[in-house]
Amino acid sequence: MNAMSAEQASAPVTEDALRSVLAGERPSRPGPVSTSLTFGWRALLKIKHVPEQLVDVTMFPIMFTLMFTYLFGGALAGSTQEYLQFLLPGILVQANVMITMNTGITLNTDIQKGVFDRFRSLPVWRPSPLVGALLGDVVRYSIGSAIVIMLGLVLGFRPEGGAVGVVLSVALLLVFSFCLSWLWTMLSLILRTPNSVAGVSMMVMFPLTFVSNIFVDPKTMPGWLQAVIEVNPITHLATVVRGLMHGSVPAGEIGWVLVSSVLLVAVFGPITMVLYRNKK
């Protein structure tokens, strides 16, 4: 049998035999939706194998909620319970928009390891690795939102808008966070290391989140600072989330947030794709 196998292995491959193999039916090419969902599932599997990625989703919002409620609540609002009603929607916004920075850091890490060179060689829709990574991060945003809301309910937060207001506010927040993530994907393709992406992202996000109405009402601030806060997109987002949770629907603010989300994708999405195609 060994002699027969050796003889078959040494036999030349004929053209007809090769054609019969290559003439088989090829599997259909996967569509944009299926490939994006596949890369999204990859992002979730990375969380499964490296659960430390959830530290910023869990510990960060818990720490800020407890610190600001009990350290500053009495001084700013006269009561920690009153301040919690104002603060928690803002903390929800801050936690989610800060988490978006991880998108760029993770993407840059994959680029440094050469993983994305392999992705770009695959016969799939070109943006699917990026879109999939962003979709996977939406799950992280949802986890962070659930943790903040549950902690708030335990501490005494009572949304007057009920479950509907909470769900609508979280949905709008997830949309904005997904769109904001395109900024960090762009930076991840420009900067050289994950540390540099993290550093630049923090330089952008800290002023945006702290120079806003997340923690305090800006009415007591100087006029020039109020003007800066008024044009800050995080301010409008926090106003919408706070309004929906407490039963008021600021239609103009909702439109402002939706327009901002569209602009983020319209500006940074194409730039990201150009950088992605030309990345060496």
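The following dialogue explains how to read several features of a predicted protein model.

Biologist: On what basis are the values in this model given?

Modeller: The model is predicted, so local features need pLDDT of at least 70 and side-chain atom pairs count only at pLDDT 80 or more, while totals for chains, interfaces and linings use all residues. Residues are numbered from 1 along each chain as its sequence is written, and side-chain values use heavy atoms, with hydrogens and water left out.

Biologist: How many helices and strands does the protein chain have?

Modeller: Helices (H or I, at least four residues) and strands (E, at least two) are DSSP runs, numbered from the N terminus. In this protein chain there are 13 helices and zero strands.

Biologist: Is the protein chain compact or spread out?

Modeller: One compares the radius of gyration, taken over C-alpha atoms, with the globule rule, which is 2.2 Å times the number of residues to the power 0.38. For the 280 residues here the rule gives 19 Å, but the radius of gyration is 25 Å, well over that value, so the protein chain is more spread out than a compact globule. Along the principal axes, its C-alpha atoms fill a box of roughly 90 × 35 × 35 Å.

Biologist: What does UniProt list for residues 52–279?

Modeller: UniProt positions are given in the numbering used here, feature names are shortened, and annotations may be inferred rather than shown by experiment. The unreviewed UniProt entry lists "domain: ABC transmembrane type-2" for these residues. Over residues 52–279 the chain is 81% helix and 0% strand, with the end C-alpha atoms 29 Å apart.

Biologist: Is Asp-137 buried or exposed?

Modeller: Buried means under 20% relative accessible area, exposed over 50%, and partly exposed in between (1.4 Å probe, protein chains only). Asp-137 counts as buried because its relative accessibility is 8%. This residue is found in helix α8, residues 128–155. Across the protein chain, buried residues make up 43% of the 280 residues.

Biologist: Which residues is Asp-137 in contact with?

Modeller: Contact means heavy atoms within 4.5 Å. Leaving aside neighbours within four places in sequence, Asp-137 is in contact with Asn-102 and Thr-103.

Biologist: Where does Ile-214 lie?

Modeller: Ile-214 lies in the loop between α10 (194–210) and α11 (223–230). With a relative accessible area of 0%, Ile-214 is buried. Not counting residues up to four places away in sequence, Ile-214 touches several residues, among them Phe-86, Gly-90, Ile-234 and Arg-242. Ile-214 and Phe-86 are 128 residues apart along the chain, yet their C-alpha atoms are separated by 8.4 Å.
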